[in-house]
Structures are given as structure tokens and as C-alpha cells.
Amino acid sequence: REYKTLMTQEMLKNNILSGDLICVCTEHQSDVVDQYLTVLRDVFSLIEQCHNGRDVYELLESPVCHDKFYRLN
């Protein structure tokens with residue numbers, strides 16, 4: 001969940017609405033796909049750093065996402 005939150009956060013910083021799924025279709029122009037993959041590569045690099053010991057919580061700017069659907073009130 002921490003990595004999913006980090007991925008969403010970092011993608012949003014680059015104006016890309018994304019979660020932990022990759023959905024590409026034939027209607028996406030190559031420059032859009034290239035931008036997505038470039039940003040995704042950077043996010044994966046951050047995740048790799050965290051996997052190797054960097055504290056993911058120092059990178060997160062919001063609470064960790066929920067893992068289940070349930071009412072929040």
C-alpha cells in the first residue's frame with residue numbers, strides 16, 4: 001500500500017492520474033505513452049530505493065491508501 005500511494009503521488013506530480021495498474025490503449029498517442037513510461041521509470045527507481053532501505057514514509061506526502069473498500073464515516 002505504501003508503494004501504491006507513492007506511485008499515485010509521484011504520477012500526480014507529473015499531471016498523470018494513475019494508480020497501480022497500467023492501462024494503455026491504441027488511442028493514446030506515442031508522446032503520451034512515452035511521457036507516462038518516463039515518469040513511471042522514475043517512480044520505479046524510487047520504489048527500488050525504498051526496497052533497498054530508503055524510508056518510504058519520508059517520501060509520502062499524504063496518508064497511506066486504504067487496502068479495502070469501506071465507509072470512512
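These legends accompany several views of a predicted model of a single chain.

**View 1. Overall fold of the chain.** The predicted chain contains three helices and zero strands, and its elements follow one another along the sequence in the pattern α-α-α. Taken along the principal axes, the box filled by the C-alpha atoms is roughly 40 × 35 × 15 Å. Among contacts in the chain with a separation of 6 or more, 65% are made by residues 24 or more positions apart.

**View 2. The largest nonpolar core.** This core has 14 residues, and the members that touch the most other members are L6, M7, M11, Y36 and V43. Two or more residues are given to the core by each of α1 (2-13), α2 (30-51) and α3 (56-59), with the greatest contribution, seven residues, coming from α2.

**View 3. Surroundings of M7.** M7, one of the core residues that touch the most other members, is shown here with its contacts beyond the neighbours within four places in sequence, namely S18, G19, D20, Y36, L40 and V43. Two of these partners, Y36 and V43, are also named with M7 among the core residues that touch the most other members.

Note on methods:
Residues are numbered from 1 along each chain as its sequence is written. This is a predicted model: local features need pLDDT of at least 70, side-chain atom pairs count only at pLDDT 80 or more; totals for chains, interfaces and linings use all residues. Side-chain values use heavy atoms; hydrogens and water are left out. Helices (H or I, at least four residues) and strands (E, at least two) are DSSP runs, numbered from the N terminus. Contact means heavy atoms within 4.5 Å. A nonpolar core is a set of buried Ala, Val, Leu, Ile, Met, Phe, Trp, Tyr and Cys residues joined through side-chain atoms within 4.5 Å. Buried means under 20% relative accessible area, exposed over 50%, partly exposed in between (1.4 Å probe, protein chains only).
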